[in-house]
Amino acid sequence: MTCVTAGEGDGIYRDRQPSNAKAIMSETRLHYNDIFDPSLLLPLLFENIKDYGLIVLDDAGNVTEWSSGASEIFGYSREEMWLKYPDMLMVEEDRLQGQFQKELESAREAGRADDTRWHRRKDGKKIFIQGTTSALRDESGALKGCAKVVRDLTRQRAAEDALRESEERFQLMVEKVKEYSLVMLDPHGNIASWNQGAERIEQYRAEEVLGKFYGMLYLPEDQESGRPQHNLREALRKGTHDDRGPRVRKDGTVYIADASITAIFDEERGHIGFTKVVKDATEQVEHEKARVAAEESLRKYAAEIESLNERLKRWITETHHRVKNNMQVVMALIDYQTVGKKEFVHVKELKRLKHHIYTLAAVHDTLAHTSKGIMEDDLEAVSARPLIEKLIKLLKQSSGGKELHYEVDDCFFRTKEITALCLIINELVSNAVKYGDQRILVSLRCSDGASKLVVEDDGPGFPEGFDIEKASNIGLELVQSVVASDLKGELELSKGEFGGARITIRTNKTGR
Amino acid sequence: MGGSFPLQDVKVVIAEDEGLTQLQLKKIIKILGGEILAIVSGGSDAVEAVTTQKPDLVLMDVQMDNHIDGIEASKQILEQMSVCIVLMTAYDQFEEKAREIGVAGYLIKPVCAETLQVELVRILSQFREQHGGERERLHDAHLPAAGYRFTA
C-alpha cells in the first residue's frame, strides 16, 4: 500500500494538463477535479525538482517513490532505493541509535517531524540534510505512509561552520591576546567588551569596567581636561585617532599607553561604537629614553675622545718641541763652553753641563708624568715646586756636604719658564757651593702675580764694586741672559742674611 | 779679511727669547767676525731693531713671547726692506710659510756652531747673489752647492 494514491475523476480536460486552469474553470464553470488529474502532474514533480529531494515511504517506512532531486542529493537511483529502508542514508552513529525510526514515529504521532542532521551519500561523503517528514493519512485518518522532503545544506553548513569557527577563533584571539588591550566601546565611550590584555594592562576585571565610561582609565587631570572625549571626537572625525600618553592602572600606577581608537559604523553608516587598542608602551618609552640617553652619552664620549685626541696631538707636538728645545739648550751650553776654546774644556765646565742635562731631564720627566704635563699644552701653568724640590735633592748630592735649605711656594709657571728657573737655580746653587761656606738657602715665593727667587750663601759675598757686566763669571752671565729673556725678570745682587752673596730674581711671570 | 772670520763686517740682529741660545748665537757670531747690532726677544722688538738699524743678517726665532711671532715679524720687515733673514725653530711646519714670505733661510733647532757657520755663510752668500750683493765679502771655503735649501 502506497502513501499516495492517484486521484480519480472524469473530466473533459483530464487527459491533458491545463495551461491556464483558472481561465478554464471560469469559462466552463467546472470543478478543479473535473479538469485536473494530479496523477499526471506528480511524475513531473518528481522528475523536475532538483533542489529538493522528495521521498515517499510506505507505512513500514520503505521507499516507494524517489525523486530525481533525491538521487542528486544522495547519489542513489530510484531503482537502487526502491523498497529500501532509508536509515541506510544516515551516518552510522545515528543509524545505531535508530534515529530514522524515531523520526518516523514522531511524524506519525505529531503529523510531521523536522530533522536536520548529517547523512552519508552513496559515495561515502557526508552531507548535511534538512528534512521534514509528514505523515500521510486519508480522510478517515488512517495512516497511508509518509512523505519526506529533504534539502542538502552541506554548503551552507560548511560556510556557517567556517564563519562560526572564524568568529570563535577571532573571539579567542581577542580574548587571549595579552600584549594588547582590545576593547569595544559603545557610541558614548562606555566599555562594551574587555579582553585579557586589557585586564593585564589596566588591572581591572571585565565586571569592574563593563558599562563604565572608558575615561576612568585616564589620569584625573586628563579626565578633567576632557582628553577621553576629545580622543573619541577625533576618532569619529578622522576614522582613527592615535594617542600616546599616560594612563592610570587600577592600583594607581601610571603607565604610558600607545592607544588607537577607531570609530566603527554599520552598513548604513550608522555609528555603532569604537574599538580601542592599547599597548603598554612604558618599556618602549623607557627604551627610547635609554636609547636617546645612550646616543647622547656616545656623542659626549665621542666629543671627549675627539678632544682628548686633539689634546694628545698637541701634547705630543709640545713634547717634541720641548725635547728639541732642551737639545737646543744643551747645544747652546756646549757651544757656550767650547766655542773659542783652543784645545781643552775644563772638567768643571763639563760637570756644569752635566748638571744642566740632569735638570732638563728632571723637568722633562716631571712634566711628562704629571697629569698637567701630559694633558695640558705648554701654555698651561704648572707648579714649579715639585720640580725645584727634585732639583734641589739632585744638587744636594754634589753640594760637598754643605747644608742646602729651601722654601718653595706653589708658584705656577709655563713649562718653558720652569725650565729656565731650574737652569738658573742650578747655576746659582753651583756658584753658592763653590763660594759659600756651610749654608745655602733657596727660596721661591709668589704673591699677587709676582714671584721672587732668592739664592744666598754664607760665603764672603760679592766683592766691593762687583759689576756683573764686567765680571767673567760664566754662570752669572748665563743667569742674567736667561732671567732677561726667558723670565723677563730682573736680577739683583746683594749681601745676604748670613753675610754672603744673595741673588734675587723678580719676575711677574706666574700663572696664578 | 781672512778665512777665519767668514762674517767679518756682517751686521747682525738676533731675535731669540731663550737666554742660553742668545748667548750661543752671540758667541758664534762674534767668533765668526760678525757685528751684533741688537739682541731682542720679541717679534715687535725685532721689527723695530731691524728696520731702524738695517743689519745684513737677521737670526730670527719663530716662537717668541710676543704677540708677533718670528714669521709675522719677518713678513713685516720684508714688506719694508730687503734683508737676509734666517728663521730658527724647533718646528718644521713653518717652512712653506717662510718660503712664501721670502725668508732667506730656515734652520731647524738644535743648531750648533759648526752648522751655523756653514749655513749662515751659505745663506747670506746666496741672498747676496740673488740681490746683487758682493759674494767676495764672505770668506768661507766650504760653501755648499747653490740653491735655496732649508736644512737643519
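Is A:Asp123 buried, partly exposed or exposed? A:Asp123 is partly exposed, with a relative accessible area of 46%. On this scale, buried means under 20% relative accessible area, exposed means over 50%, and partly exposed lies in between (1.4 Å probe, protein chains only).

This is a predicted model, in which local features need pLDDT of at least 70, side-chain atom pairs count only at pLDDT 80 or more, and totals for chains, interfaces and linings use all residues. Residues are numbered from 1 along each chain as its sequence is written, chains are lettered from A in the order in which they are written, and side-chain values use heavy atoms, without hydrogens and water.

## Chain A

Chain A has 512 residues, and 39% of them are buried. Its secondary structure comes to 18 helices and 17 strands. These are DSSP runs, numbered from the N terminus: helices are H or I with at least four residues, strands are E with at least two.

Contact means heavy atoms within 4.5 Å. Take the contacts in chain A with a separation of 6 or more: residues 24 or more positions apart account for 51% of them.

A:Lys126 gives an example. It lies in strand S4 (residues 126–137) of chain A. A:Lys126 is partly exposed, at 44% relative accessibility. Beyond its neighbours within four places in sequence, A:Lys126 touches A:Val91, A:Trp118, A:His119, A:Arg120 and A:Thr154.

## Salt bridges

A salt bridge is a side-chain nitrogen of Lys or Arg within 4 Å of a carboxyl oxygen of Asp or Glu. The count over all chains is 38. Here are some of them.

| Pair | N to O distance |
|---|---|
| A:Lys122 and A:Glu80 | 2.7 Å |
| A:Arg121 and A:Asp123 | 3.3 Å |
| B:Glu119 and B:Arg122 | 2.8 Å |

The pair A:Lys122 and A:Glu80 links distant parts of the chain, 42 residues apart. A:Lys122 sits in the loop between strand S3 (112–120) and S4 of chain A, while A:Glu80 sits in helix H5 (residues 78–81) of chain A. A:Lys122 is partly exposed at 44%, and A:Glu80 is partly exposed at 29%. A:Arg121, the partner of A:Asp123, is partly exposed at 22%.

In chain B, B:Glu119 and B:Arg122 both lie in helix H5 (residues 113–130), three residues apart, about one turn of the helix. Both are buried. Back in chain A, a network of salt bridges links A:Arg157, A:Asp161, A:Arg164 and A:Glu168.

## Aromatic rings

Rings of Phe, Tyr and Trp (its six-membered ring) pair if their centres lie within 6.5 Å; planes under 30 degrees apart count as stacked, over 60 as edge-to-face and the rest as tilted. There are seven aromatic pairs over all chains. One of them joins A:Tyr214 and A:Tyr218 edge-to-face, at 5.5 Å centre to centre and 90° between the planes. A:Tyr214 is buried at 1%, and A:Tyr218 is buried at 2%. Ring pairs link A:Phe213, A:Tyr214 and A:Tyr218 into a cluster.

## Where the chains meet

At the interface, 23 residues of chain B contact 26 residues of chain A. The buried area is about 2300 Å², and carbon and sulfur atoms give 58% of it. Buried area is the accessible area (1.4 Å probe) that two parts lose on being put together, summed over both.

The rule finds one salt bridge across this interface. It joins A:Lys416 and B:Asp17 (2.4 Å, N to O). Helix H1 (residues 19–31) of chain B gives the largest share of the side of chain B that touches chain A, 10 residues.
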